[in-house]
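Hi,

Here is the structure I said I'd pass along. Have a look at it first, and my notes on the sheet and the cores follow below.

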Amino acid sequence: MIPIEGNQLIGFKESGRGSEFFQSANPATGAPLPYHFAKATADELHQACEKASEAFQQYRKATGATKAAFLEAIAVEIKSLGDQLIEICNLETALPKPRLEGERDRTVSQLLMFAGMLREGSWIGARIDTANPMRTPLPKPDLRTMHLGLGPVAVFGASNFPLAFSVAGGDTAAAFAAGCSVIVKAHEAHPATSELVGKAIVRAAKATNMPDGIFSLLHGHGNITGIQLVKNKHIKAVGFTGSFTAGKALSEAVAQRDEPIPVYAEMGSINPVFILPRAMQAASQKIAQGFAASVTLGTGQFCTNPGLLVYEENEPGRTFQKYLTTEFGNTSGGPMLTANILRSYTNAITRHITQGELEVLARGKDGPTQNCALPILFKTTGAVFAQHPALAEEVFGPTSMIVSAASRNEVLSIARTLSGHLTATVHGTDEDLDAYRELLDILEQKVGRVVINGFPTGVEVSHAMVHGGPYPATTDGRSTSVGTASIFRFTRAVCYQNMPQGHLPAELQDNNPLGIWRLLNGEQTRESIK
């Protein structure tokens with residue numbers, strides 16, 4: 001068993017110089033857990049940043065194979081934590097053990113996926129335009145471009161994914177793959193889990209001869225430690241998953257820096273679902289079952305849970321409503337990740353109930369403890385929804401809102417008024433999709449992923465996935481936090497003009513020693529330059 005010591009991990013050393021401490025707690029019972037954590041001091045934080053900067057100067061030049069071996073070693077170390085990781089994570093989050101085992105597998109898969117991409121090597125986007133000294137009126141220079149890591153990256157652990165979006169999650173994996181060092185601000189809701197995974201990364205770094213400072217883990221409150229971290233001059237990019245309020249605060253803090261840096265914050269999303277007329281007639285009961293399950297999956301604590309359902313009011317719609325009321329009434333509440341998250345959910349539900357123009361269509365069943373969130377399904381009209389923009393804001397938890405539209409035009413109007421979201425889902429037959437092509441055109445400008453005849457919960461970790469969306473879903477709608485394209489958040493392109501062969505990175509040399517795909521004079525090829 002690996003001891004939980006509650007210290008900062010600053011490179012290869014532990015440090016506990018802070019005089020302020022906090023405990024993690026079991027969210028299902030509210031009982032404190034026997035783990036105490038020292039909050040990082042300003043000196044400890046700065047030391048971690050300086051080490052990260054020094055380590056980056058070495059790591060940035062590591063080969064793809066070297067970085068891949070590091071990621072693969074992290075995967076091995078995480079798996080070696082065995083039952084201890086799952087037991088402690090279950091205590092700190094109240095998430096079911098099977099769910100956590102699946103999330104651990106996803107975390108390992110992410111690391112291995114990036115490792116495979118690094119070994120293949122073409123991700124760096126090599127572009128070569130060879131020289132033409134005979135061109136007139138001016139000779140053409142030799143130009144070669146590839147992606148390189150930005151520098152030390154600050155990563156913030158997410159409350160709702162204690163493994164896959166936290167210490168060794170997608171942000172960290174992408175940053176390491178890009179050639180960046182990483183400092184993780186552990187989430188206060190699962191610090192013991194974070195320490196276990198952090199120590200696994202340190203062991204992997206030592207085993208693969210990574211530089212001291214390639215990784216650090218800091219404890220503390222986000223509004224203090226987190227703000228100090230993103231303001232540090234050594235930090236060159238930020239990865240964050242959490243609330244809109246926290247993500248905006250980090251962005252505003254970064255804006256005060258002398259040197260601007262990118263903040264990739266995934267924040268809030270209601271993930272609207274649209275049911276088109278023929279699909280409503282053909283599969284209303286099946287859609288009702290899937291929707292109720294998607295809303296309440298994980299006690300509604302996935303960033304892709306659907307918080308809005310739109311369809312045209314008619315007889316098939318009224319039949320669907322009966323099915324959905326029954327299905328939702330059979331769902332059960334469960335513990336939320338923290339007492340603060342439960343409090344925010346309860347307050348938001350109370351505001352909706354007292355708003356006066358919303359109908360409570362269905363309630364789920366109470367959970368097993370008093371700290372559980374009760375599933376609630378609301379209903380309103382398109383006219384009311386249009387008059388109250390706040391109804392389009394995310395309520396994090398097992399709730400959703402049905403909006404019955406008076407016509408096709410009102411459905412389109414609702415879609416146009418939406419802000420940026422992670423996903424949008426459309427249930428429709430081929431005939432529906434043809435008739436509502438305008439809806440699809442609208443939605444692809446509003447979200448990062450359009451789902452057809454499915455549900456948004458469940459984000460496949462793959463090369464093609466886009467888990468992002470226009471503001472306020474994220475601070476940069478051009479990015480994704482899942483999939484191999486997420487690496488480009490932490491890179492920048494560098495061009496070498498007339499650089500001698502011996503000084504070029506291997507990826508750009510004439511003989512293409514790595515055998516990667518390159519854009520050579522406008523054509524994709526793996527051939528060397530003759």
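Before the sheet, one bit of bookkeeping: two strands count as paired if DSSP finds at least two bridges between them. Also keep in mind that this is a predicted model.

On that basis there is an open sheet of seven strands, in the order β15-β17-β18-β13-β12-β19-β20, and the pairing is mixed. At the edges sit β15 (359-363) and β20 (449-452), each of which pairs on one side only. From one strand to the next, the twist averages 20°.

Inside the sheet, have a look at β12 (residues 273-275) and β19 (residues 423-427): they run parallel and are joined by three bridges. Which residue of β19 stands opposite I275? That's H427. Helix α13 (residues 408-417) lies across β12, β13 (308-312) and β18 (399-405), and runs at about 140° to β18.

Now the cores. The largest nonpolar core has 77 residues, and the members touching the most others are F70, I74, F176 and F215. Helix α6 (residues 191-207) gives the most to this core, eight residues in all.

In general, nonpolar side chains tend to be buried together in soluble globular proteins.

Cheers

Notes
Residues are numbered from 1 along each chain as its sequence is written. This is a predicted model: local features need pLDDT of at least 70, side-chain atom pairs count only at pLDDT 80 or more; totals for chains, interfaces and linings use all residues. Side-chain values use heavy atoms; hydrogens and water are left out. A nonpolar core is a set of buried Ala, Val, Leu, Ile, Met, Phe, Trp, Tyr and Cys residues joined through side-chain atoms within 4.5 Å. Buried means under 20% relative accessible area, exposed over 50%, partly exposed in between (1.4 Å probe, protein chains only). Helices (H or I, at least four residues) and strands (E, at least two) are DSSP runs, numbered from the N terminus. Axes are lines fitted to C-alpha atoms, for helices over the stretch in contact, and angles run from 0 to 180 degrees between N-to-C directions. Contact means heavy atoms within 4.5 Å.
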